[in-house]
Each structure stands twice: as C-alpha cells, then as structure tokens.
Amino acid sequence: MIKVEWLYWLIGLVFVVMAVQMATDRSNPKRWTSAAFWGLLGLTFPYGTGVANATAGNGDWTLPAEPLGVAVLTLIVLAGFNFLGKGVPVTTTAEQREASAARLGSKIFIPALTIPLVAIVCASVLDESGLFETGKATLLGLGLGCVAALVVGMIVTGEKKVSVPIHSGRSMLEAMGSALLLPQLLAVLGSIFAAAGVGDQVGDLVNRVLPDDSKYLAVIAYCVGMFLFTVIMGNAFAAFPVMTAAIGWPVLIQQMHGNEPAVLAIGMLAGFAGTLCTPMAANFNIVPATLLELKDQYGPIKAQLPTGIALLGCCTVIMALFAF
C-alpha cells in the first residue's frame, strides 16, 4: 500500500536537495539563510510524521512536538526578516528558447496534461484497488502525476539530466519565496479560528441582526461573509469552517432546511470569488505578477475584480433560488 506520508517525504526531499543547491550558489547574496529556510522546511516533513504518530498514539515512530514548533518559529523569523534571496538562474538564451519552442510546438503541454490525467485515473480507477492508502487516492494520484509529468517532460524535451529540471524548479522556488507557504498557513489559521469558536461568535452576532426566517438575507450574509473572510484570510478553505459554523450549517441547513451539498458547494465558490480579489492569495495573484515581471504587482487583482464581484452575485442568486 502506498501511503500519503511517502509523498510528503518526497516533497521534503525535494526541498532539501534544492536547499543544498542554494547553499552552493554564490550568485545568491543570502544563500546560507535561504538554504537554511528551505532545508529546514524539507526536514519538517519526515519529522512531522513522528509528531503525528505521537499525537495519534501510534508507537511505530514517535517524536516530540517541541522541536517542530521551534522549526516553525525559525522559518517565520527567516521569512519575516527578509533573509531569503535568489541567485542568477542558469538558463538558455532567448534564441535557444525560441528554437526549442518552435521544435516542440504543442507537445510542451503534454507534461502539464499528464498530471490531471494520472490523478483522475488513480482517483476513479485505482481507488478501490488497495494500492493506495484508504481515502488518499486523489492526493497520491496528484503526487504520482507530478512524478510522471517530470519523466514525460524529460522525454518530450530530450533532456537526460534530472538536475536540469531540479535547477529550474529551484529558480522558480526562489522567485516565489515564502509566499509559497501562505495558502497552507492560512488554511491552518482557519482551523485555529474554528477551534477557538470564532464561527460561533460570528453566528451569534448574525442571529442577533438577521430577522427570523429571512432566507434571502441569510444567504446574502453567508455568501458575502465567505467572500470577505477569504479576502481577509487569502484562502477560501480558511474562511469555510468559520462561516459555515456561523451561518451555513446552523442557519441555512438546520433552520431553513437547505440542501447540504448545494449550500456548502456554492458557499465555497463564493469564497473562491474572494480569492480573485485579494493580495493575501499570494500564489494566485502576487506570485504570477512577479514571475511574469508585470509592472503593476496588483495587475491580476485589478483585472479579476469585476469577475470576482460578478461571480459573488451569481453564487448568491443561485443559492437563494435553487438550494432550498
């Protein structure tokens, strides 16, 4: 059985390998602290398995949680005080890239399409085969799809050295910086808010303001709340537990008997509309502007804002008309 932990260990190994590359890159003025950040992050993946085993009471391999907490604080200090840098990427010339693009043509999209194809096959065909850990076929399929895409990409381009894509990946990793971790951190923040009872407090405030049995106002409050919380937190998955505990489940589903899948799915989509409109969603909005070297780093948000507002309106109307 292929376990999801093995995928996490592979991700951690990639970070450690790239950290070693950074440490040897003299063109990076902050090579040692950059290497420390990504190397430490990579080591937290296998170490986290031991912490999870200890928390779950699994005696196979247990480790104390305190060093992991120190590692997280160290990562915060390194990123917060701007100790991350980037070196000069070793790449081909513009003429060589144009020639390669002309030679490959549409074949360049084959590796990208390999990822969802493998993920779909694993989730739909191999889920019940016993090959994957129970309930993890989709996630493991995504990881296997990435590995397969690497192999396919090397075959399509004729590249024989695996170090070349790893160096290219490191350059992109340095360009993205610590913003790469923001979605995961914000998702954890949403869980912390839910555990702290923020959703209950928001729900109490909403119940005091909303008139009884006002379905349409409750729908507006839920969809707009998902939108705004996502704008603030940068991640719809972080906003979802808070707003669903406050309005979605107790008011729209339990009190007003809304259809559960419809209410929750449309509410999440309203949160995704907020993702289009916030710099906190760095991976979607700020990082692409950096990678594309746009003059206005908020250009993607400005272009997406009308779509986000329109999508929020559509979600609200669809939920009010069809979710009850």
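**Close-up views of salt bridges and a nonpolar surface patch**

View 1. The side chains of Glu-174 and Arg-170 form a salt bridge, with an N to O distance of 3.3 Å. The model shown here and in the other views is predicted. Both residues belong to helix H7, where they are four residues apart, about one turn of the helix. Glu-174 has a relative accessible area of 9% and is therefore buried. Arg-170 is also classed as buried, because its relative accessibility is 8%.

View 2. Taken with the pair in View 1, the contacts make a network of salt bridges that links Asp-25, Arg-170 and Glu-174.

**View 3. The salt bridge of Lys-302 and Asp-296.** The side chains of Lys-302 and Asp-296 meet with an N to O distance of 2.7 Å, forming a salt bridge. Lys-302 counts as exposed because its relative accessibility is 57%. Asp-296, at 28% relative accessibility, counts as partly exposed. A search of the whole structure finds three salt bridges.

**View 4. A nonpolar patch on the surface.** The patch is formed by Leu-10, Leu-13, Val-14, Val-17, Val-147, Leu-150, Val-151, Ile-155 and Val-162, which together have about 720 Å² of accessible area. At least two of the patch residues come from helix H1 (4–23), and at least two from helix H6 (137–157). Val-151, one of the patch residues, is located in helix H6. With a relative accessibility of 45%, Val-151 is classed as partly exposed.

**View 5. Val-188 and Phe-237.** Val-188 is part of helix H8, which covers residues 182–195. The C-alpha atoms of Val-188 and Phe-237 are 9.0 Å apart in space, and the two residues are 49 residues apart in sequence. Val-188 has a relative accessible area of 47%, so this residue is partly exposed.

Definitions and conventions. Residues numbered from 1 in each chain as written. Predicted model: local features only at pLDDT ≥ 70, side-chain atom pairs only at ≥ 80, totals over all residues. Heavy atoms only, no water. Patch = residues over 30% accessible without salt bridge, like charges linked within 9 Å, V, L, I, M, F, W, Y side chains within 5 Å. Areas by Shrake-Rupley, 256 points an atom, 1.4 Å probe, with all protein chains shown as cover. Salt bridge = Lys/Arg side-chain N within 4 Å of Asp/Glu carboxyl O. Buried < 20%, exposed > 50% of the residue type's maximum accessible area, 1.4 Å probe, protein only.
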